[in-house]
Amino acid sequence: HLHYLGVMHGDLKPAYILLLNTLDGKQVDPARLHLKLCDFGFACVCGEGKLRSYCGTPAYLAPELATPADAHKGYLGRPVDMWALGCLVYELCCFAPPFAASNQLALAQKILHSTPSPLPAHYSMELHFLTMKMLEKDVARRATLPQLLADPAVQRRMLEFVSEAEGAPAPRPPRPGGGNVKRAGAAADWGGGGGGGGGVSE
């Protein structure tokens with residue numbers, strides 16, 4: 001919704017994702033906790049122009065603003081949020097952010113030049129693929145929100161979620177191919193135009 005409005009949050013991280021166990025004053029099923037995004041202190045209308053402010057939490061900063069010097073060269077807002085979302089998903093899976101170091105300079109170097117370790121083997125190939133697409137250092141190849149939402153694995157889980165909420169069996173869309181064949185095809189589809197920010201459709 002924010003990206004559709006041309007707004008960058010600017011500081012996505014686990015601490016700013018709230019789990020609510022009430023809705024309209026009523027207790028909800030613990031298995032169906034509601035999420036809210038908070039702390040919009042760094043949020044701004046980014047549109048298609050480049051930003052130059054150095055802001056955010058170091059462990060979740062995208063390569064294009066890993067240091068003040070990088071940020072001052074200019075960067076696009078939406079891809080920065082997508083990188084931070086990738087960091088957040090990675091941390092949910094691994095209980096640690098994808099990049100860590102003892103000081104901020106070393107951390108920036110890791111963000112710029114290192115590759116995060118794979119997700120634990122018990123997670124699906126689809127989740128690993130999507131997470132690493134969000135952690136793509138090349139802005140032009142980084143996942144955009146429309147690409148994530150259009151991915152077959154995400155579409156399938158969204159259908160399951162809606163069906164579970166409505167108490168009906170989930171319609172399962174066909175799964176093309178399997179294993180590496182599927183992901184190889186998806187990777188080709190995602191090869192370019194990840195968009196340094198994309199259009200208003202995000």
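## Cavities and nonpolar core

A search of the whole structure finds two cavities of 30 Å³ or more. A cavity is a set of points, on a 1 Å grid over the protein atoms alone, where a 1.4 Å probe fits but cannot get out; lining residues have an atom within 4 Å of a point. The model is predicted: local features need pLDDT of at least 70, side-chain atom pairs count only at pLDDT 80 or more, and totals for chains, interfaces and linings use all residues. Residues are numbered from 1 along each chain as its sequence is written, and side-chain values use heavy atoms, with hydrogens and water left out.

| Cavity | Volume | Lining by class |
|---|---|---|
| Largest | About 60 Å³ | six nonpolar, three polar, two charged |

The lining of the largest cavity includes Gly10, Asp11, Leu12, Tyr60, Leu61 and Asp81. Around the second largest cavity are Tyr54, Pro58, Leu61, Ala66, Gln104, Leu107, Ala108 and Ile111.

The largest nonpolar core has 32 residues, and Leu65, Tyr75 and Trp83 have the most contacts inside it. Such a core is a set of buried Ala, Val, Leu, Ile, Met, Phe, Trp, Tyr and Cys residues joined through side-chain atoms within 4.5 Å, where buried means under 20% relative accessible area with a 1.4 Å probe, protein chains only. Two or more residues each come from α2 (77-94), α3 (104-113) and α4 (125-134); helices are DSSP runs of H or I with at least four residues, numbered from the N terminus. The most, eight residues, come from α2.

Methods. Buried means under 20% relative accessible area, exposed over 50%, partly exposed in between (1.4 Å probe, protein chains only). On a 1 Å grid over the protein atoms alone, a cavity is a set of points where a 1.4 Å probe fits but cannot get out, and a pocket is an open set with protein on both sides within 12 Å along at least five of seven lines; lining residues have an atom within 4 Å of a point. Grid points are joined across faces, edges and corners, and a volume is the space filled by probe spheres set on the points. Ala, Val, Leu, Ile, Met, Phe, Trp, Tyr, Cys and Pro count as nonpolar, Asp, Glu, Lys and Arg as charged, and the others, Gly among them, as polar.
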